[in-house]
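Please go through the briefing below with the sequence and the model side by side. The notes are grouped by topic.

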Amino acid sequence: MLKARGDRGSCDRCAGATGTADAARIARRRLLKDAVFRPQAAHGMNHLPGHGDFPDAARLPRAVTGTVLDVSPHVLVLGEPGARPGSEQRFTLSSDTTTWRGAHLEATALRQGDRAVVRLPPGRRAVADKIWANIGRVTGTIVEHSSDFMIVDEGVTRQRQIVVIPPRAAGRIQVRFPTLQPGYLIDIIGLRGPEALVGAIPATSQPAYPADRVPAAPLVSGHVPAAISGSATWHEPDGEPPGVLGVAYPALDPETGCAEEAAAGSERGYGRMPYLAVGSALLVRNDCNGASCVLPVTGCAPVARLFNDRCVTCGTSPRGRVADLTEASFVALGGELDRGCFNATITIGR
Amino acid sequence: MAMVQTVQIPLLSALLLSGCSAKFVRIIRVGSVDAGLGPTALFPMRLRRPLAVAMCALELGLGIGLILTAGQIGRGAPATCVRLVTSLLFLVAACSLLELRAARPDVGCGCFGDFSHAPVNWRTLTRSALLSLVALATIGLSPIQLPHTKGTALSLLGLLAAELALVAGLSPELGEALVRLGYSEPCELRAVPADRTLTALRRSKQWRRHAGLIAADVPADVWREVCWRYLVFPARCDDREAEIVFAVSLRQRRPQIHTALVDAVTGQPFAWAAPARTLRPMLRPRALPLSKNL
């Protein structure tokens, strides 16, 4: 989608698969921006947005999403129920393949009908490196809490989520989320059921403040650096095609009239980030393994602005959430979905 | 000694009223009554809201009460009562801040709303204790009268200024206020209305130079990246469907503007035609239908 020019290669190979008007608009914006700034760049204005070398997609892992049709100790078959014969995908399971289904299990613990995200290592696209089955995540504000379940608001453009916390996971979750009361933030990873998410692990630590009382952001002096380090998280696809590569960004231009802005509950949120638009390109780098990838901004992440948390996957991130990646992007950059985040540096204007 | 006592009444009243106003402004800005926290963070959630309201109301009442009872109207018991309660308020505040500092060292005192984010330190504590003593010192003061001589007035003003300086020195909020006064938000973080960008564009020489080519009043697409806003207008150039792209920097004065003429289908840039200023009258400014475009 974003291969605006023939001389560029990028890891947004799947983004074009959306086939939507948005995808075309994103590509067109990149093209038009290049048209304005490229002539100047040739005369020593490389600091202007829109320029940079893209990483090689073939060096990154790839994520495939599908429904488990069959699994044996050596082969996993993914497809979609009712799809035409021959459209299923087969992946070899090796002794190094790890599987997550609420906990780390053997691959044979997968069941027919499970929704699986499979990570394929670079250069070995027929081998499954890691499998996450029925993984889901709920990030938002608790709006209702009873002894059996919670209802969580993820923003006006998403449906409210029901979260059930089983007794075996309650202790682990409550250590990190001590205040399971309406108005407080929650971020939980678990098994996605037909109606509810069964919580398994806390994705972060709960902020001490309620969602409507986010502390005032510190004042920023001078120009904001183009590279910002923080925490990169992931979100479940909600209307997005499976496998799409993109990033939901916490600070879209308020002039966009983005419906999700109203869901934030806070005018600015804690972390002040430079304003961007849908279609802007971000170079996202996983600071834990060095993998990087240019990704288009595909949406806004107002809830991410409310979290002033830190990612501790490798050291402590210097600030909170700077990017909310799609599952495929998160996996492509080497993130472990069951860990919830990785320390990341985003560079704007590539 | 009477002069020193006399100065304390307007000082205490001003501090109480400004503290109440700052909290009120914060409540309005955040849209929640229990937003002006501070020591209320020590209490359970259900008590925080009534406590915040009570604190605000008490400050307002005492601030007004100190002024009303300063003269002949409230002399005697009412004046003593107001001054005693003021002293108690600051004493309780000092004790609460001591507790807050131990229990929640990351929380500011909230004394002056948004300005009191800095964690409680010795200066905040000293200020509260000092104001408590000052309020106590005003008990028994006879009704205040306007100074009869110029020298007395100047002495009072001098004393007031000195004490204000002392209080300012004990206020971490002063630094925050000064920073805000001189603060200019970087363009990356500044919300700039698209209409303002369009107005700036229409005043520019780049717009005047290419206005003859532009075929629509409203842009086909508008988006922003960091310090630049991009506006795309349909155009016609030598009977060819085209688009003119303006990149307008979001600087407040004399914004930098870059332009490109691209093919409407391929998006590839091509050479500008000769300036055609007279081909089409200047387009009138018009509000942007942004929600459709962005």
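Gly190(A) has Gly199(A) as its bridge partner in E11(A), in a pairing where strand E10 (residues 185-192) of chain A and strand E11 (residues 197-202) of chain A run antiparallel and are joined by five bridges; two strands count as paired if DSSP finds at least two bridges between them. This is a predicted model, in which local features need pLDDT of at least 70 and side-chain atom pairs count only at pLDDT 80 or more, while totals for chains, interfaces and linings use all residues. Residues are numbered from 1 along each chain as its sequence is written, and chains are lettered from A and ligands numbered from 1 in the order in which they are written.

**The barrel of chain A**

- Strands E10 and E11 belong to a barrel that five strands of chain A close in the order E7-E8-E9-E11-E10, with mixed pairing, and the twist from one strand to the next averages 60 degrees.
- Helix H2 (residues 167-176) of chain A packs on the sheet, where it touches E10 and E11 of chain A, and its direction makes about 55 degrees with that of E11(A); axes are lines fitted to C-alpha atoms, for helices over the stretch in contact, and angles run from 0 to 180 degrees between N-to-C directions.
- Strand E7 (residues 135-145) of chain A pairs with strand E8 (residues 150-153) of chain A in the antiparallel sense over four bridges, among them the one that sets Glu144(A) against Ile151(A), and a hairpin of four residues joins E7(A) to E8(A).
- E8(A) also pairs in the antiparallel sense with strand E9 (residues 161-164) of chain A, over three bridges, and Met150(A) stands opposite Val163(A) in E9(A).

**Make-up of the two chains**

- Chain A has four helices and 17 strands, whereas chain B has nine helices and four strands; helices (H or I, at least four residues) and strands (E, at least two) are DSSP runs, numbered from the N terminus.
- Along its sequence, chain B follows the pattern α-α-α-α-α-α-α-α-β-β-β-β-α.
- Of the 350 residues of chain A, 50% are buried, and buried residues make up 36% of the 294 residues of chain B; a residue is buried if 20 or more other C-beta atoms, placed from the backbone, lie within 10 Å of its own, exposed if 12 or fewer do, and partly exposed in between.
- For contacts between residues at least 6 apart in sequence, the share joining residues at least 24 apart is 70% in chain A and 62% in chain B, a contact being two residues whose C-beta atoms, placed from the backbone, lie within 7 Å.

**The strands of chain B**

- Eight of the ten residues of E2(B) are buried, so this strand is largely enclosed by the rest of the structure.
- E1(B) and E2(B) run antiparallel and are joined by five bridges; Glu225(B) stands opposite Trp228(B) in E2(B), and Val226(B), in the hairpin with two residues between these strands, takes a positive phi near 55 degrees.
- E2(B) and E3(B) pair in the antiparallel sense over ten bridges, with Val232(B) opposite Val245(B) in E3(B), and Asp238(B) takes a positive phi near 55 degrees in their hairpin, which has two residues between the strands.

**Where chain B touches chain A**

- In chain B, 30 residues are in contact with 32 residues of chain A.
- Strands E1 (221-225), E2 (228-237), E3 (240-249) and E4 (257-263) and helix H9 (290-293) of chain B are the elements that give two or more residues to the side of chain B that touches chain A, and E4(B) gives the most, with four residues.
- The residues of that side divide into 20 nonpolar, six polar and four charged, where Ala, Val, Leu, Ile, Met, Phe, Trp, Tyr, Cys and Pro count as nonpolar, Asp, Glu, Lys and Arg as charged, and the others, Gly among them, as polar.
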